[in-house]
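Subject: Structure for you to look through

Hello,

Here is the structure I said I would pass on. Please open it next to this email and follow along; my notes come after it.

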Amino acid sequence: MSSRILIVEDEVKLAHFIELELKYEGYEVTVANDGFSGIASARESNPDLIILDWMLPGISGPEICRRLRNTGSKVPIVMLTAKDEVSDRVTGLDAGADDYLVKPFSIEELLARIRAHLRRSVGEDTDILQFTDLRLNRSTREVYRGDRFIELTAKEFDLLEYLISHPRQVLTRDRILETVWGYDFMGDSNIIEVYIRYLRLKLEADGEKRLIQTVRGVGYVMRE
Ligand code: CA
């Protein structure tokens, strides 16, 4: 059964973007665009995790958090904050939030936090992702090809994690850019080619078979 996630966010565009990404990952998603409907949804739909914006019309994020905790709710709460609210993050954590992300954040980062919190609440271990002889550990951020340890930069790791979590699925360049670099990434989209090249050099350093394939004019796929 898929996990149910409630998004409480008044920036409609951002809320919709997160909703689509989460649905794509197989989560059941409910969205509320203000504080009152947010807290009502949290009580009615009993979600497995809540993504909660800090500043909301009606009731603020930290206040929602406090009210839920006061009624005994232990649901994992990930707060979203704008940059200038960061100094207040202690307030959010004091109010009972489990985690917070500063906007703008990459969707991959949000997905990673969601997985971590859901895993913690159900206690299952899905840290290791494997594709043929390639192994990636999400919690230690280590990558092995057979017995060979592969050192990756943070971005290379994020890109590989995204590819390996969607094996044999063609991922478009736009999707990769959005997911790994963030929905508001303004740089050169050739960055994907550059990072794929780095990854291939490292993954194939001992002459191993290619695992990241180019789908011309579309994107990339993890396939033998
Ligand atoms: Ca807001």
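A residue is called buried if its relative accessible area is under 20%, exposed if that value is over 50%, and partly exposed in between. Tyr 195 has a relative accessibility of 19%, so it counts as buried. Please keep in mind that this is a predicted model.

Tyr 195 sits in helix 8, which covers residues 191-203. Apart from neighbours within four places in sequence, Tyr 195 is in contact with Thr 153, Lys 155, Glu 156, Leu 159 and Trp 181. Ser 165 is 30 residues from Tyr 195 in sequence, and their C-alpha atoms are 17 Å apart in space.

Five strands make up an open sheet with parallel pairing, in the order 2-1-3-4-5. At its edges are strand 2 (28-32) and strand 5 (99-102), each of which pairs on one side only. On average, neighbouring strands of this sheet are turned by 20° against each other, direction ignored. Strand 1 and strand 2 run parallel and are joined by five bridges. If you want a place to look, Ile 7 stands opposite Val 31 in strand 2.

Helix 2 lies across strand 1, strand 2 and strand 3, and runs at about 170° to strand 1. Ser 41 is part of helix 2, which spans residues 35-45. Is Ser 41 buried or exposed? Its relative accessible area is 16%, which is under 20%, so Ser 41 is buried. Leaving out neighbours within four places in sequence, the contacts of Ser 41 are Leu 6, Thr 30, Ala 32, Asn 46 and Pro 47.

Last, the calcium ion. Which protein residues are its donors? They are Asp 10 (OD), Asp 53 (OD) and Met 55 (O), at 2.1 to 2.4 Å from the ion. Along the chain, the donors follow the spacing D-x42-D-x1-M. Asp 10 and Met 55 link distant parts of the chain, being 45 residues apart. Asp 10 is in the loop between strand 1 (4-8) and helix 1 (12-24), while Met 55 is in the loop between strand 3 (49-53) and helix 3 (61-70). With a relative accessibility of 31%, Asp 10 counts as partly exposed. Met 55 has a relative accessible area of 52%, which is over 50%, so Met 55 is exposed.

Regards

Definitions and conventions
Residues numbered from 1 in each chain as written. Predicted model: local features only at pLDDT ≥ 70, side-chain atom pairs only at ≥ 80, totals over all residues. Heavy atoms only, no water. Helix = DSSP H or I, 4+ residues; strand = E, 2+ residues; numbered from the N terminus. Buried < 20%, exposed > 50% of the residue type's maximum accessible area, 1.4 Å probe, protein only. Contact = heavy atoms within 4.5 Å. Donors = N, O, S within 2.8 Å, 3.2 Å for Na, K, Ca; no water. Pairing = 2+ DSSP bridges. Axes fitted to C-alpha atoms, helices over the stretch in contact; angles between N-to-C directions.
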